[in-house]
Structures are given as C-alpha cells and as structure tokens.
Amino acid sequence: MADTHKPILLSGIQPSGHLCIGNYLGALKNWVNLQESHDSIFLVVDMHALTVRQNPAELRQRCLSYVAQYIACGIDPEKSTIVIQSHVPQHAELMWILSTLTYMGELNRMTQFKDKSKKHAANINAGLFTYPILMASDILLYQADLVPVGADQKQHLELARDLAIRFNSTYSDTFVVPEPCIPKTGARIMSLQEPEKKMSKSDDNLNNLIAILDSADIVKRKIKRAVTDSGSEVKMDKSRPGISNLVQLYSLITDLSVKEVESQYSGKMYSDFKTDLGNVIAEFLEPIQKKYNEISKDKDYLESVLAKGAENAFYRGRKTLSKVYRKVGFIQPAR
Ligand code: TYM
C-alpha cells in the first residue's frame, strides 16, 4: 500500500524491442537509486507499445521479461510497485479527460511523434499522435512528484506538467505537478553504429545497441564493431561522437570520471580501449543476467508481483479518477 510519508515517484518503459543499456543508464539506474527514498511505481507500458504493430504472443512474453529485467536490475518488489499498464483501466479513462484539455498544436509539436511517423510511415495511427496524453495520465493518475527519465522524454513531461496545471486552474486543485529527474550524465546514450542518433531498444539494427540480455560474446563483438571516427585519442570530443559515446559508457559503467578514463587510456590504442570496454560491460551485465535467468523461470513469482502491483495501483488510480470525475461534473453511479 502507499507509503504516505515518502514523495511519489513514477516511471515506465515501453515493452518494445530489447531493453538496452541506454534505458538502464538513462532511467532504470536512477529508479534503483531513488526507490529507497520514494514511494515508487514502475510501469511496463504495454498500451503505449501498441502504437507500433506488435505480435500479440511476443508482446505478452516481452512484458513478463521486462518485469523480470526490472527486478534483475535492482527494483525490489517489496519496496516498489511494479505494474503492467493495461492492468489498471484508469490510465485510459483519465486519458480521455486529459485529451479534452490538450490542444492539437501541442501534440503537433512533439518531436517523438514526428520521428516515429517517419519510421512507421505506413502506420501513422491516432494512438501515435495522442500517445503523450496517455503518458501524462500515467503520471498524473498516481499524483507523482518525481519522474525519472532520459532526455528524450523531456517534452512529454512538459506536457504532463502543463496538463496538471491546466486541469487545476480549470477545475480547482487536483493534481500534483510532477518534476522531471533527468540524469546529468547518461541521459542520452548514443547508437553504436550511428552515434549521431540515440541508442534505441527498438532499432532494427541490433549492432546499434547493447541489450541487457546480450551474452558476453555479443557485447564484446558489438563494442569492437562500434564506430569510432577517424583519429586515435581516447577522449571526449564533440566533433567525434563515436569515441565520446564509448568514453561516456566506460565512465558510467565503471563509475570513473571521464577525466580518469581519458588519462587511463592516454597513449593507448582504440582497440585496447574497446576490448576493455567490452569486458567491463559484459562483467556489469553478468550478475543481472544471472538473476534474470532465475526469476524469469519462476512464473508464479512474477505473477504474484504483478497481482500485488495491480491491486495497489488500481486502488490509487480509482481514488484519483473518482476525484477527477467529480470535479468535471460527472454523476457518481448509484450503489
Ligand atoms: P522508452 O520506453 O522509449 O524508454 C524508457 C526510458 O529509457 C530512456 N532512454 C534513454 N536514456 C538514455 N539514453 C538513451 N539512448 C535512451 N533511450 C531511452 C527514456 O528516456 C525513458 O526514460 N514514453 C516513454 C515511456 C512512458 C513513461 C510514462 C515514462 C510511458 N509512460 C510515464 C515515464 C513516465 C517511452 O517511450 O520510453
């Protein structure tokens, strides 16, 4: 049940593609760090994933796998609530109310909509366009104070804040206005082959990303093949996005500062650095994968985590939604 003494934290990830090291460093790492001090809710946003065509059997399997990966990465279901978005119908219900307060112009400006429309030109569905309203409802439904995300979600979060403020000023104080929490480093991990674009878990080219579940051999091979620009110095440099991304990854995984990484590899070759980076990432992922392999076999355990999560979230969602329905002028059903 909700711990009323702690600020509320909410975040989520779309179960599309392979959960990757970008998601970990941009979001999940912060979730783990903040779960002690916050009453935290972590969503697997399966409803969002439907904005891109999914294979139903794979989606179902992936949702469970993401839950196991959250736990393997350090989310403790005894301390935090893990929820599948579609288990709580109030997300969609609140979305309708919020969509009546959202302007078309606001949705038109969303860069993610523009990017995804280009990528999925044959399926520019209305859900892709209204997606940021569903995300706002995920956040506002639980009265979240804090939302830890990577840099690419900043614009969506601003809409959530604007909608909270707009609802409050239209109907009187109802929603907490959420604060984003974007890490200073790691908020934008770049693709390995095309380092001018962000690493994406649903990239068709798997060489662009390191998945949390990639084997050690695959990790090492992908890092070896990563683009490193011309030049030879292992150094952060805006004009060399490839090597800069790898230096950043090394620093984040080892907790060494960028300066320390640079001096450790001063005078050394790219190839030495890449071999070491492949090794440190593989070592970092090993205990996560071990835990994942144990948990993912235990379906009963995963289902019990989700049943508890859904019960808690449903209770909280219903509380907010009935308040919202009252404020907008809906009649409560007679009992
Ligand atoms: P999604 O599923 O694309 O990404 C999940 C989280 O990972 C972060 N992220 C990255 N961080 C650093 N470098 C990268 N290359 C990188 N790629 C992704 C994202 O910023 C995000 O924090 N709309 C959201 C999911 C969502 C949500 C929410 C988030 C739905 N409802 C409510 C927070 C609160 C999304 O598609 O994230």
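Which pocket is the space taken by the ligand? The ligand takes up the space of the largest pocket, where a pocket is, on a 1 Å grid over the protein atoms alone, an open set of points with protein on both sides within 12 Å along at least five of seven lines, and a molecule sits in a pocket if more than half of its atoms lie within 2 Å of its grid points. The elements that give two or more residues to the shell around the ligand are β1 (8-13), α1 (21-34) and α7 (126-141), with helices (H or I, at least four residues) and strands (E, at least two) taken as DSSP runs and numbered from the N terminus.

The model is a predicted one, in which local features need pLDDT of at least 70 and side-chain atom pairs count only at pLDDT 80 or more, while totals for chains, interfaces and linings use all residues. Residues are numbered from 1 along each chain as its sequence is written, and side-chain values use heavy atoms, with hydrogens and water left out.

Around the ligand there are 27 residues, of which the closest are Tyr131, Asp138, Asp152, Ile189 and Lys201; a residue counts here if one of its heavy atoms lies within 4 Å of the molecule. An N or O atom in the side chain of tyrosine 131 is 2.6 Å from an oxygen atom of the ligand, and a polar backbone atom of glycine 150 is 2.8 Å from an oxygen atom of the ligand. From glutamine 153, a polar side-chain atom lies 3.1 Å from a nitrogen atom of the ligand. Of the 700 Å² of accessible area that the ligand has on its own, the protein covers 98%, the areas coming from the Shrake-Rupley method with a 1.4 Å probe.

Not counting residues up to four places away in sequence, threonine 174 touches several residues, among them Gln143, Phe167 and Lys323, contact meaning heavy atoms within 4.5 Å.

Glutamine 143 belongs to the loop between α7 and β4 (146-148), and its phi is near 55°, a positive value in a residue other than glycine. Because its relative accessibility is 14%, glutamine 143 counts as buried. Serine 172, in the loop between α8 and β5, has a positive phi of about 90° although it is not a glycine, and with a relative accessible area of 37% serine 172 is partly exposed.

Helix α12 (residues 270-297) holds glutamine 289, which is buried at 16% relative accessibility and whose side chain reaches the backbone oxygen of aspartate 214 at 2.6 Å. Leucine 277 is also found in helix α12, and since its relative accessibility is 0%, leucine 277 counts as buried. The C-alpha atoms of leucine 277 and leucine 246 are separated by 7.8 Å, although the two residues are 31 residues apart along the chain.

How values were computed
Buried means under 20% relative accessible area, exposed over 50%, partly exposed in between (1.4 Å probe, protein chains only). A polar contact is a pair of N or O atoms within 3.5 Å; within protein, one must be able to donate a hydrogen and the other to accept it, and residues adjacent in sequence count only if both atoms are side-chain atoms. On a 1 Å grid over the protein atoms alone, a cavity is a set of points where a 1.4 Å probe fits but cannot get out, and a pocket is an open set with protein on both sides within 12 Å along at least five of seven lines; lining residues have an atom within 4 Å of a point.
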